[in-house]
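Please look over the sequence and the model before reading on.

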Amino acid sequence: MAATIYDIAKHAGVSKSTVSRVLNNQANISKEARQKVLAAIDELNYQPSKLARALTSSGFDAIMVISNRSTTTTTGNPFFSEIIQSISTQAELENFDLILQTAKNSEDELKKCLSKIQEKMIKGIIMLSSPADEDFFHQLDPYNIPIVVTGKVEGSYKNIYSVDTDNFGDSYALTKHLIKQGHKKIACVHAPLDYHVSIDRLAGFRSCLFDHQLDLRNDWIIDSGYGIENSYSAALRLMDGPDKPTAVFATDDLKVLSIYKMASDKNLQIPANLSVIGYNDKVASSFLSPPLTSIDIPINKLGKKATNLLFRLIHQDKNVPKTTIIKTEMIERESIQKITS
């Protein structure tokens, strides 16, 4: 039969309440008593019940993942499934449960988050998107639960931390690479500007064209929505007019896939008729022909880093940086043709 908290108390020669304080990492206990309890736990191979711990002041050993997006913005996007898998793996290593929160809208999501916090069902939150409107952060921050966002956080908060890549700098570098290859007629297919990531990627593209004194044509900078159908329609519009771009910058996987499909449907050769550059993950890149020159987003690394930071915060580590930037690199493949004239 598995050892109980009563067995630990008897074996260590202390009270049940002393064992409980040790299990909950409370400070009001002598060093000698703590050592006796820890030795008894080790000798009896005690495994505390998650439910029993939840009934104490410590609450459930669980973290929650939220996207702060509607299902229409996440469906079909490989980023979300891959990063959730990465987070789940790290949570398992800590023997924590993972709660994947779904909601109808931001207001509903906030209500569900607050309910789980107040009921001590979670000890931390990982947020997979960073909205440009940070009211959600303002609402959650006073509840003193650690939150790690895989994205940019502009405001100053006590309990909210950011793990991100340099989206502005990466977009600037991608656009500059096209310019170095002789391209001057460059288009951009981007996501709606509701999130910091979309804003920064478009800003990097615009800034690079401006710095190199190239035209910023509004008809070649297209908000293509979140779904594959809207992205495909945007890709078609780029090639409808008499004056066509020689290259296009795509700000995420769905945009890249839409451009490749459009090129195939219109019998355009990449890169002979249209050069393509953008953001992608390594798995998706391997299926594209020709392979895409891109910033490969380190999704697994983002998820792992965010989760590890959250557990450091849960364990009351005071040295966690507010902002962590994951380095990326541009990988040159075969999707760009050099223009010599």
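What percentage of the 341 residues of the protein count as buried? The share that counts as buried is 49%. The model is a predicted one, and it holds 14 helices and 12 strands. Among contacts with a separation of 6 or more in the protein, 68% are accounted for by residues 24 or more positions apart.

**The open sheet**

- Six strands make up an open sheet with mixed pairing, and their order is E7-E6-E8-E9-E10-E12.
- Strand E7 (221-223) and strand E12 (330-331) are at the edges, and each has a single partner strand, so one side of each lacks a neighbour in the sheet.
- Strand E6, residues 186-190, pairs with E7 in the parallel sense over three bridges; within this part of the sheet, aspartate 223 in E7 is the bridge partner of histidine 190.
- E6 also pairs with E8 in the parallel sense, over four bridges, and cysteine 188 stands opposite phenylalanine 249 in E8.
- E8 and E9 are likewise joined in the parallel sense over four bridges, with phenylalanine 249 standing opposite isoleucine 277 in E9.
- In E8, Ala247 and Phe249 point one way while Val248 and Ala250 point the other way, and all of them are buried.
- As background, the strands of a sheet pair through backbone hydrogen bonds, in either a parallel or an antiparallel manner.

**Helices packed on the sheet**

- E6 and E7 pair over three bridges, and helix H11 (residues 228-238) packs on the sheet, where it touches E6, E7 and strand E8 (247-250).
- The direction of H11 makes about 160 degrees with that of E7.
- Helix H12 (residues 253-265) also packs on the sheet, touching E6, E8 and strand E9 (275-280).
- The direction of H12 makes about 150 degrees with that of E9.
- Helix H12 includes serine 258, which is buried with a relative accessible area of 1%.
- With neighbours within four places in sequence left aside, the contacts of serine 258 are Ile228, Ser231, Tyr232 and Ala235.

**The pair of helices H9 and H10**

- Helix H9 (residues 167-180) packs with helix H10 (residues 196-211) at an angle of about 40 degrees, and their axes are 7 Å apart.
- That angle makes H9 oblique to H10.
- The crossing in which H9 passes H10 is right-handed.
- On the H9 side, the residues that meet H10 are Asn167, Phe168, Ser171, Tyr172, Thr175, Lys176 and Ile179.
- The residues of the contact of H9 with H10 comprise eight nonpolar, five polar and four charged.

**Cis peptide bonds**

- Isoleucine 270 and proline 271 are joined by a cis peptide bond with omega of about 10 degrees.
- Proline 271 belongs to the loop between H12 and E9.
- A cis bond also runs from serine 289 to proline 290, with omega near 0 degrees.
- Proline 290 lies in the loop between helix H13 (282-285) and strand E10 (293-296).

- The loop between helix H8 (135-140) and strand E4 (147-149) contains asparagine 144, and asparagine 144 is partly exposed with a relative accessible area of 48%.
- Asparagine 267 is not a glycine, yet its phi is positive at about 55 degrees.
- The loop between H12 and E9 contains asparagine 267, and asparagine 267 is exposed with a relative accessible area of 66%.

- Glutamate 332 is placed in the segment after E12.
- Is glutamate 332 buried or exposed? Its relative accessible area is 55%, so glutamate 332 counts as exposed.
- Leaving aside neighbours within four places in sequence, glutamate 332 is in contact with His177 and Thr293.
- Glutamate 332 and isoleucine 295 are 37 residues apart along the chain, and their C-alpha atoms are separated by 9.0 Å.

Note on methods. Residues numbered from 1 in each chain as written. Predicted model: local features only at pLDDT ≥ 70, side-chain atom pairs only at ≥ 80, totals over all residues. Heavy atoms only, no water. Axes fitted to C-alpha atoms, helices over the stretch in contact; angles between N-to-C directions. Helix = DSSP H or I, 4+ residues; strand = E, 2+ residues; numbered from the N terminus. Parallel < 35°, antiparallel > 145°, perpendicular 65-115°, else oblique. Left-handed = near helix turned anticlockwise from the far one by under 90°. Contact = heavy atoms within 4.5 Å. Nonpolar A, V, L, I, M, F, W, Y, C, P; charged D, E, K, R; others polar. Pairing = 2+ DSSP bridges. Buried < 20%, exposed > 50% of the residue type's maximum accessible area, 1.4 Å probe, protein only.
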